[in-house]
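User: I'd like a close look at one part of this protein. Could you pick a helix and walk me through its surroundings?

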Amino acid sequence: FKPLGIFNLAAETHVDRSIDNPRDFINSNILGIYNILESFRDYSKINKKAKLIHISTDEVYGDVLYGRSNESYAYKPSSPYAASKAASDHLVYSYVRTYNIPAVVTNCSNNYGPKQHPEKLIPKLIYNILNNRSLPIYGRGKNSREWIYVMDHCEALFEVFKKGKIGEFYNIGSNKNLNNIQICKALLKIFKNFIKNKKNIKIVFVKD
């Protein structure tokens with residue numbers, strides 16, 4: 001097919017599952033990108049116009065307690081998932097430096113959108129609301145993340161493909177921070193306008 005751009009969005013995701021079984025994350029997120037890099041290293045010799053865009057996560061920075069992360073922030077991953085993605089980022093960069101492959105790394109904030117797996121926060125809450133189940137929230141619901149709609153992320157990735165410089169890292173975000181309790185309440189408010197005769201769905205705080 002001789003593609004000009006290869007976007008690697010493949011990854012094992014979700015922090016909770018990485019805590020339960022880190023091996024899958026090592027296999028997919030580290031060995032997986034190694035295999036892609038080896039294949040792309042050969043392919044880029046044939047098609048010198050091709051570019052690899054490696055999609056990562058802002059979780060590689062760990063907890064950002066004040067302000068917002070930028071591309072010069074140190075990597076301080078706090079879960080096996082984040083650590084495996086951090087390793088993949090470093091591996092991509094090493095191939096740029098060692099083998100001169102044309103690759104770029106992006107680090108994006110939390111995505112949401114249609115058909116997202118129900119292990120993720122927003123689809124899980126929606127599923128529970130539809131089925132009259134309580135809404136489990138970690139701690140006191142104060143955990144805050146930056147959220148971006150998936151199509152906005154895709155548009156940004158295409159811009160990086162067109163204009164991104166080889167070997168550079170680009171953060172992608174929305175500048176929209178919400179904590180978990182705010183998302184919960186927003187979803188409940190939306191559903192009250194669309195669904196009648198629903199039970200009084202409760203927010204339940206669970207151990208983080």
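Analyst: Let's start where helix 4 stops: it is followed by N132, whose phi is positive, near 55°. Helices here are DSSP runs of H or I with at least four residues, strands are E runs of at least two, and both are numbered from the N terminus. Keep in mind that this is a predicted model, where local features need pLDDT of at least 70 and side-chain atom pairs count only at pLDDT 80 or more, while totals for chains, interfaces and linings use all residues. Residues are numbered from 1 along each chain as its sequence is written, and side-chain values use heavy atoms, with hydrogens and water left out.

Now the helix itself. I122, P123, L125, N128 and I129 are the buried residues of helix 4 (buried means under 20% relative accessible area, with a 1.4 Å probe and protein chains only). Their cover includes strand 4 (110-112), strand 5, strand 6 (144-149) and helix 6.

Take helix 6 (residues 180-194) next: its axis lies 11 Å from that of helix 4 (residues 121-130), and the two pack at about 40°. That makes helix 4 oblique to helix 6 (under 35 degrees is roughly parallel, over 145 roughly antiparallel, 65 to 115 roughly perpendicular, and the rest oblique). On the helix 4 side, L121, I122, L125, I126, I129 and L130 meet N180, I183, C184, L187, L188 and F191 of helix 6 (contact is heavy atoms within 4.5 Å). Sorted by class, that contact has 11 nonpolar residues, one polar and no charged ones.

As for strand 5 (residues 135-138), L135 and I137 form its covered face, and P136 and Y138 its uncovered one.

Key:
Axes are lines fitted to C-alpha atoms, for helices over the stretch in contact, and angles run from 0 to 180 degrees between N-to-C directions. Ala, Val, Leu, Ile, Met, Phe, Trp, Tyr, Cys and Pro count as nonpolar, Asp, Glu, Lys and Arg as charged, and the others, Gly among them, as polar. Buried means under 20% relative accessible area, exposed over 50%, partly exposed in between (1.4 Å probe, protein chains only).
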